[in-house]
Amino acid sequence: MITTDILIIGAGASGLTCAARAASGGHSVTLIEGEEKPARKILVSGGGKCNFTNMEVAPANYICENKHFCKSALARWSQWDTISAFAEWGIPYEEREEGRLFCLRSAADVTAMLMQRCKESGCNLHTGTKVTEAGRKDGYFHVVTSRGLYRSKALVLATGSPAWPQTGADDTGHRIAARFGHRIVPVRPALVPLVMPAHWPLHGLSGISLPAAVTCGGKTFTEPLLFTHKGISGPVTLQASSYWKPRQPVCINFLPHEDTAALLRRGGKGKTGNLLCRLLPERLVTSLLDEPLRHRNIAELSAPVIEDIATRVHRHTVVPERTEGMRKAEAACGGVDTAHVSSKTMESTLVSGLYFTGEILDVTGHLGGYNLQWAWASGHAAGTALKEQKS
């Protein structure tokens with residue numbers, strides 16, 4: 001049996017952050033990770049460059065049944081704290097579109113930094129250690145693993161969500177949380193491409209990318225859209241997908257910064273299709289408008305026909321068949337219900353000494369560095385609370 005003050009299951013972004021912070025208080029801290037290498041999601045995030053935070057972070061960038069839950073942690077470890085820490089650790093970064101911050105060199109810089117911080121704090125890291133059971137007895141948490149039995153005074157579940165299972169992600173943390181009496185908000189893929197039905201008239205446009213606005217679940221996002229063999233992807237699709245639920249329609253505006261009806265009402269010479277091809281990819285125009293309509297003279301268009309064309313361009317509505325699932329999802333919506341978790345310390349209000357950090361919770365960020373910012377903030381919140389506990 002291995003006995004430790006604090007046991008953290010999951011050596012990802014939030015688990016490593018929590019461990020280094022908690023151990024700085026003099027506690028013995030042990031991290032166990034099912035994979036042979038820790039923080040695999042960090043290594044593949046941002047195309048290997050790790051989009052580690054965003055210049056603009058607010059609770060509105062997160063999806064949670066309790067929209068106020070993430071306020072406290074984000075306020076006490078903001079994006080500015082993250083940026084300062086990366087500068088202090090000597091990790092060069094750059095700002096890209098929409099305020100997204102990426103490592104200049106490699107995501108490996110981030111994992112190396114996290115590992116070094118844990119090592120310097122005296123944390124013990126046991127990789128390749130699969131958890132099979134967890135419970136509580138005589139004031140201690142008991143965790144059964146492939147490496148043997150662990151016993152601890154405090155237990156942190158930092159196991160993430162089932163998104164990206166190819167990195168070793170699964171629902172272990174959710175199952176353990178449920179055994180301790182916590183409700184699990186139903187989990188579904190987020191930040192994921194959408195698959196369109198076989199009859200969708202825009203199939204066959206794979207490879208086309210353009211700025212677009214996508215509306216779903218009452219939210220509208222404007223970013224690049226990418227047509228795929230199965231449907232649509234690209235940043236705007238990933239954003240909207242987090243709000244999509246089965247049988248819900250998605251509305252696509254292919255010219256969010258233009259007024260097609262106004263352009264056509266001005267009249268003038270030329271064919272309708274030629275005008276639209278100056279604004280949109282030709283293959284998309286061909287799919288949106290049939291041949292007779294494309295060859296109509298603009299000056300001959302009636303008001304109803306102009307409105308019909310504008311609807312096809314600005315309000316293309318379709319009901320996706322499904323998402324591409326957890327294997328293609330960058331995150332997952334749902335998780336441990338925050339109703340029974342302290343927003344300040346991340347400690348369970350049902351089981352004293354039980355903590356949650358990161359994506360295991362029902363907190364899902366938008367695309368753009370928000371999920372890693374939540375990992376740093378929630379890990380810092382739990383680590384601080386544990387650091388300040390008396391041994």
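Predicted model: local features only at pLDDT ≥ 70, side-chain atom pairs only at ≥ 80, totals over all residues.
The protein has 391 residues, of which 55% count as buried. Its secondary structure comes to 13 helices and 21 strands. Taken along the principal axes, the C-alpha atoms fill a box of roughly 85 × 40 × 35 Å. Among contacts between residues at least 6 apart in sequence, 73% join residues at least 24 apart.

Helix α1 covers residues 13-23 and helix α13 covers residues 370-387; their axes come within 7 Å and cross at roughly 30°. Angles under 35 degrees count as roughly parallel, and α1 is therefore roughly parallel to α13. The crossing of these two helices, α1 and α13, is right-handed. On the α1 side, the contact is made by Ala13, Ser14, Thr17, Cys18, Arg21 and Ala22. Their partners in α13 include Leu372, Ala375, Trp376, His380 and Leu386. By class, the contact of α1 with α13 holds 8 nonpolar, 7 polar and 2 charged residues.

Helix α5, residues 108-121, also packs with α1, at an angle of about 25° and with the axes 8 Å apart. The helices α1 and α5 are therefore roughly parallel to each other. In this case, the crossing of α1 and α5 is left-handed. Ala13, Leu16, Thr17, Ala19, Ala20 and Ala23 of α1 meet Leu114, Met115, Arg117, Cys118 and Ser121 of α5. This contact of α1 with α5 divides into 8 nonpolar residues, 2 polar and 1 charged.

Aromatic side chains were considered next. A pair of aromatic rings is described by the distance of the centres and the angle of the planes. A search of the whole structure finds 11 aromatic pairs. In one of them, the ring centres of Tyr62 and Tyr370 are 6.1 Å apart and the planes stand at 85°, so the pair is edge-to-face. Tyr62 belongs to strand β4 (residues 62-63) and Tyr370 to helix α13, so that the pair links parts of the chain 308 residues apart. Both Tyr62 and Tyr370 are buried.

Phe227 and Phe254 form a stacked pair, with 6.2 Å from centre to centre and 20° between the planes. Phe227 lies in strand β14 (residues 219-227), whereas Phe254 lies in the loop between β16 (250-253) and α8 (260-265). The pair therefore ties together parts that are 27 residues apart in sequence. Phe227 and Phe254 are both buried.

Val156, in strand β10 (residues 148-157), is buried, with a relative accessible area of 0%. Leaving aside residues up to four places away in sequence, Val156 touches Ile6, Leu7, Ile8, Ile9, Cys18, Tyr355, Thr357 and Leu386. Val156 and Glu347 are 191 residues apart in sequence, and their C-alpha atoms are 8.6 Å apart in space.

Thr53 has its place in strand β3 (residues 51-54) and counts as buried at 0% relative accessibility. With residues up to four places away not counted, the contacts of Thr53 include Gln79, Thr82, Ile83, Arg100, Leu101 and Gln373. Ser242 is placed in the loop between α7 (235-241) and β16. At 1% relative accessibility, Ser242 also counts as buried. Beyond residues up to four places away, Ser242 touches Ile63, Arg188, Ala190, Leu191 and Cys333.

Gly207, in the loop between β12 (194-195) and β13 (209-216), counts as exposed, at 54% relative accessibility. When residues up to four places away are left out, Gly207 touches Leu226 and Phe227. Phe227 is buried and is a member of the stacked pair with Phe254. Gly207 and Leu226 are 19 residues apart in sequence and 6.6 Å apart in space, C-alpha to C-alpha.

Note on methods:
Residues numbered from 1 in each chain as written. Heavy atoms only, no water. Axes fitted to C-alpha atoms, helices over the stretch in contact; angles between N-to-C directions. Helix = DSSP H or I, 4+ residues; strand = E, 2+ residues; numbered from the N terminus. Parallel < 35°, antiparallel > 145°, perpendicular 65-115°, else oblique. Left-handed = near helix turned anticlockwise from the far one by under 90°. Contact = heavy atoms within 4.5 Å. Nonpolar A, V, L, I, M, F, W, Y, C, P; charged D, E, K, R; others polar. Buried < 20%, exposed > 50% of the residue type's maximum accessible area, 1.4 Å probe, protein only. Phe/Tyr/Trp six-rings, centres within 6.5 Å; stacked < 30°, edge-to-face > 60°.
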